[in-house]
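I opened the model to go through its two chains and the place where they meet. These are my notes, in the order in which I looked things up.

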Amino acid sequence: MRRFLILIFVLLTVAVLLSPASASAQERPSAEAVVAAAYRVSHYSGNDMRARVLMRLISKGGGERIREMIMLRLDREDGGEQKYFLYFLQPGDVRDMTFMVWKHPQRDDERWLFIPAIKLVRRIAANDKRSSFVGSDFSYEDVSGREVEEDDHTFVREETRNGRPVFVIRSVPKDDKSSDFSYRLAWIDKENSVLWQEEYYDKRSQLYRVFTADEVKQVEGQWTAVKRTMKNVQNGHRTEVTFVEMDYNVGLDDSLFSERYLQNPPARWIR
Amino acid sequence: MLTVILTVAFALAFPKIKIDTDPENMLREDEPIREFHRNVKRDFGIEELIVLGVVREDGIFQKDSLEKIRRITDQVLTIEGVIADDVVSLTVTNNVVARDGALHVRPPMLFVPETPEEVERLRKEVLDNPLFRDRLVSSDGRGAVIYIPIESKEIAHEVGEKIEAIYQKEQGPEKYYVGGLPVAEDTFGYEMFVQMAILAPLTGLLLMVVLFAIFRRVSLVIPPMLVAMLSVIWTMGALIGSGFTVHIMSSMIPVFLMPIAICETVHILSDFHEKLPTSPGRREALLGVFDELLKPLFFAPITTAIGFADLALADIPPVRVFGLFIAFGIVVAWLLSMTFLPAAMMLIRERKPITRKETGSRILAKLGQLSLGKSMSVTVAAAVLLAVAVYGISLLVVNDNPVKWFKEQHPIRVADRELNKLIGGTYISYLVLEGETEDDIKRPEVMGYIEGLQRYLEGDPLVGKTTSVADVAKRINYVLHDEDKKYEVLPEDKNTIGQYLFLFQMSSAPDELDNLADYSFKKANIWVQLKSGDNRDMTSVVKSVEDYVKARPLPEGLKMQWSGLPYLNITWQGLMVTGMLKATVGTWWVVFALMILQFRSFWWGTVGMLPLAFSVIFIYGLIGFMGKEYDMPIAVCSTLALGLGDDFAIHFIERFRHRFRETRDLSQAMHSTMGGEPALAIFRNALVIGLGFTPLVLATLTPYVTVGLFFGSLAFFAGVVTLAFLPALIGTFRKVLLK
C-alpha cells in the first residue's frame, strides 16, 4: 500500500514537471512584454507602409457603405511618433479628399482634412483617441494603437486560436477614464505576436466590441493582418478592412506629410 | 368533481401568461404598413426610445445640474437592455463646432464646465445648434433631455424603473420626467396586471354583495359566483394555455364574462325562488325551473356565443381571439349553469327553508301597464329619442392615444405633458423620401425640397421639431465657414453636399447619420416630432403634408411615405373603427338571424333586436353629446352590448310569449310577465351589472373606467328599453306580432 502511494506521488510529480503549462511558465515572457510585442507588430511593421485599403461599413440591417483609400504611414521610431496620410478614392463624390494624422504618443494627435469641393484645409481637433476613425467601428486608438503602459496586463490562459498557439491576456486600464472599456481580452500569437482576436468589455462588463484578424500573411517578411473586422456586438454594426495592395519600406519622405500635399496629393503614391 | 379537476387543469396554465400591450399588434403581422415600419427601422437603425427629461425652473445651465446630467447619463449607460452606444445626451453625443480655426468634434459636455463663463459657452453652443435645440435642450434653457434607446419595447417599463431609481438618488431642485410611447405602452401592460388582480376580484365581491342584497341568502349567492369564477378561470386558462398572449382586449375577458355568466344564473335563481315555496322540494322546484326556462336559457347564451364567435371573422387579430374565447366562456358558463349550478343548489342544505312566495314587483307591473296603455306615445317618444341619439353619434370624434389610457394625474401623463412643453415633442414620426438610385437624396433640389417641407411642417403648431439630413449639410457648411451665419444654408452642388455629409460621417460614430439617411443615400428620413400622441393630431399632420405635396410636387423620381409609432397608431385606429364596426354589424346580423329562427317569426326577431340596438345607439349618442372621444375601449364595448341586450330581450320575449300562449290575452300576459318573475329577473340583472362594475371607475387605467361606465349605462339602457319600451312596442304592433 505504501509503495503504491509513493508510486502515485512520483508519477504525479513527473506529470507536473512535464506538463506544457509548467514548461512554458519557466520561459514565458511577461504579459506586458507580449502586449508590447503585439503592439509593434500591429502598428510599427517596417519603417513606412503604403496600402490600398478597402473598408466596408455594414449595418445590422445589412446596409453597406464602401470606403476606398490609399494609406501612407511613416514611423519616426518604433513605438513612437508616426504620420498617416489618407487619400480617398471612394465614395465617388469625395474623391480627392485627403486626411492627415500626426500621432503623438504622449499628447493629443494632430489631424487635418482637405475638402476639395471648397478647396479648404481644416485642422480637426483631436482630443479623444476613442472617437471613430473615419466613421468606422475602429477608433483612432484601434488604428494607431493604444500605448502599452496605459493598462495593467495579466495572463489568463494559453490556448490554440486559428490553429496557432496563443496567450490570452487581460488588460485593465490604469485610469478608468482613459477608455470606454473596463477591460479587454487579447489573443496574441506566441510565436509571431500577431493579434488574432480582441474583445472589449464595456463598463457593465458586457462584451461590446470584437476585433478579429481574418487573414494573416507575411508581407515583405512582416506578419500582417491583411483582412480584419471590428464588430460592435451591441448595435450589430461592423467594419471590415482589407489591405489590397500592401508594401513596407517603400521609401516615403517626411515632406509628404504636409498641408501642401494634402491639397495636391503626391501622384506617385496615390496612383 | 369533474368540475374541480377541469378547473385545476385550466388554472395550471396561468403561470404561462404572456402579456402583449403593443397596439401595433392590433395590425396583422404582414400588414404592409408594419412591413414598411420594420424596413424603416432597419434602414435607418432606429430603436425604441425612452425619453428622460431633467427640468430646473431657474435654468438647467448651472454647474450642479449639469453634473447631475453627467452622473445620470453615466449610470443610464450601464443599465441592461440600454443600447449604450446610441444613447443621445449632452455628454455623449457629438457636436461639430469651429474653434480657433479648427473643427472640434466632441460631445458639448465631454467635461462638466467649471466656471460661469464655461457654463455660458456651453449654453450658447447647444442652443446655437439646430440639431440640439428643442431636441436635447429646451430653447428656454429650462431643461435637458436624454434619449435612451432600448433593445425591445417589452423591457421599457423595467428600464424606466431603473432610470427612476438612478435619478431618485439625486437631491436638488430638478424635476425628472420619463416618457415616450414605449414606456406608456409597456407600463400599461404592467399596470394591467395589477388592475386585473385588484379589480376583477373587487368586481366579483361587489357582484356578490348585490346578489346578496337581492336574494338575502348566502346559499343563493355562492353558486352563481362560483359559476362566474369558474367560467373565467376556464376561459383564461384555455386562452393562456393555448399560447395566446393576453392583449389589452383579452385582459377584459374576465370583466365581460362575469355579468354574462351571472345573468343566466340570476334567471334560474329568480325562478327557483318563485317556485320553491309551492313545490314539494328543492328537486321538484329545480325541475320546474328548468322545464320553464330550458328554451330561453339555451337560446340566450347560444345566440350571444355565436355572435361573439363571429368576431373571429374580423381582420383584427386580438379581436378574433377575444371573440372566440368569450364565446367559449359563454358556453362554459351555460354548461355550468345547467349542470354544476343545480348540483350545487342541491348540495346546499338550508337551515331556514324558503317559504315566502316571491310575487314579483308591483312597480314593474305598473310600468308594464303604463307602457302598454300608452303604447303609441311611448313608441313615438322612443323614436324621437332615437333620432336625437343618432344626431349625437354624428358628433362622435374618433381619437385614441395610448398615453391617454392613463388618468390625468398618472406620472406617465404628467411626464408626457411636461416633456412636450419642454422639447419639440416625444411622439416621433418618420417621413421617408425614397429616390430611384444611390445618392439621389444628395441632389440639391431634393435637399431643398426636404428643407422647404421641414419649414412648412414646423409652421404647424402640432409639430415641435423636425430633423433631416439637410440640417446636417447646412450645419457642416456653417461650421466649415467659421460659423458665419451667411453659410447657414444648403450647399448648391451635389459634390459639396456629398463631401459635407462624408465629413460628418467621418467625424462621428458610424451610425450617427444612419437615422437620417440610408446607407446608399437613396432614402432620407425626416424626423417629425409631434407634441401630442392623439391620433387625430397625427392625422391632421398627415393631411397637411398631403396638401403641401399637392401644391408642390415632389422632385422627379421621388416617393414619400410616413412611418413611426404615431402613424402606425392612426392606421390601426382606422382599422379599429371600421373593422370593429364591420365586425359588430356582422355579429348583429347573425344574432338577428338566430332570433328570427328561435322565435320562428321575423317580426319577433326584429323586436328582439331592439333593446340591443337602442341601448347601443343611446350610449353612443350620449358619448357623442358628452364630447368623449371614440377610442379603442369604446369600440370594444360595442360588442359587449351583444351579451346583455339580447339576453334581456330573449328572456322577456320567450317568457311573455309562453304566458301569452297560455292565456291568449295581451294585457294579462303582459301583467304576469312584468309583474312576475321574468321582469324582476331582468331588473335584477340590470341592477347587478349596473352596480357590480362600479369599482372599475376607480381603475388607474382609463380603458377600464370606460368599460365600467359603459357596463353601467348599458345595463341601465338595456333594462329600461326592455322593460319600459318592449311592452309598448308589443302593444303598438300587436296586429303583426300576436296573430
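**Entry 1: the strand pair across the chains**

I began with A:Ile124, which stands opposite B:Leu103 in β4(B). I then found A:Arg123 opposite B:Ala102 in β4(B). The model is predicted, so I take these pairings as computed ones. I listed the bridges next: 2 of them join β6(A) to β4(B), residues 102-106 of chain B, and the two strands run parallel. For the record, strands of a sheet pair through backbone hydrogen bonds, either parallel or antiparallel.

**Entry 2: the rest of the interface**

I asked how many residues of chain A are in contact with chain B. I got 37 residues of chain A in contact with 32 residues of chain B. Looking for the elements that give two or more residues to the chain A side, I found β2 (64-75), β5 (110-115) and β6 (120-124) of chain A. The largest share, 4 residues, comes from β6(A). By class I noted 13 nonpolar, 13 polar and 11 charged residues on the side of chain A that touches chain B.

**Entry 3: the hairpin behind the contact**

I followed β6(A) back into its own chain. There, 5 bridges join β5(A) to β6(A), and this pair runs antiparallel. A:Phe114 has A:Val121 in β6(A) as its bridge partner. The two strands form a hairpin with 4 residues between them. In the turn I checked A:Lys119, which has a positive phi of about 50°.

**Entry 4: the chains in outline**

I wrote down the totals for each chain.

- Chain A has 6 helices and 13 strands.
- Chain B has 25 helices and 13 strands.
- Of the 271 residues in chain A, 35% are buried.
- Of the 739 residues of chain B, 54% count as buried.
- In chain A, 43% of the contacts with a separation of 6 or more are between residues 24 or more positions apart.
- In chain B, 80% of the contacts between residues at least 6 apart in sequence join residues at least 24 apart.

I also boxed the C-alpha atoms of chain B along the principal axes and got roughly 105 × 55 × 45 Å.

**Entry 5: the three-stranded sheet of chain B**

I traced an open sheet of 3 strands in the order β5-β2-β6 (chain B), with antiparallel pairing. β5 (143-150) and β6 (175-179) of chain B stand at the edges with a single partner strand each, so one side of each is left without a neighbour in the sheet. The twist averages 20° from one strand to the next. Between β2(B), residues 48-55, and β5(B) I found 8 bridges, and the strands run antiparallel. One of the pairs is B:Val54 with B:Ala144 in β5(B).

I then looked for helices on this sheet. Helix α5 (residues 156-167) of chain B packs on it and touches β2, β5 and β6 of chain B, with a direction at about 20° to that of β2(B). Helix α6 (residues 181-215) of chain B also packs on the sheet, touching β2, β5 and β6 of chain B. The direction of α6(B) makes about 105° with that of β2(B).

I counted 8 bridges between β9(B), residues 427-434, and β11(B), residues 523-530, which run antiparallel. B:Ile428 stands opposite B:Gln529 in β11(B).

**Entry 6: helix α24 of chain B**

I finished with α24(B), residues 702-732. The helix has 31 residues and reaches 42 Å from its first C-alpha to its last, close to the 45 Å expected at 1.5 Å a residue. Where is the kink in α24(B)? I found a kink of about 40° at B:Phe725, shortly before the proline B:Pro727. As for burial, 23 of the 31 residues of α24(B) are buried, so this helix is largely enclosed by the rest of the structure.

How values were computed
Residues numbered from 1 in each chain as written. Chains lettered and ligands numbered in written order. Predicted model: local features only at pLDDT ≥ 70, side-chain atom pairs only at ≥ 80, totals over all residues. Buried ≥ 20, exposed ≤ 12 C-beta atoms within 10 Å, placed from the backbone. Contact = placed C-beta atoms within 7 Å. Nonpolar A, V, L, I, M, F, W, Y, C, P; charged D, E, K, R; others polar. Pairing = 2+ DSSP bridges. Expected span 1.5 Å × (residues − 1). Bend = angle between axes of the 7 residues up to and from the residue. Axes fitted to C-alpha atoms, helices over the stretch in contact; angles between N-to-C directions.
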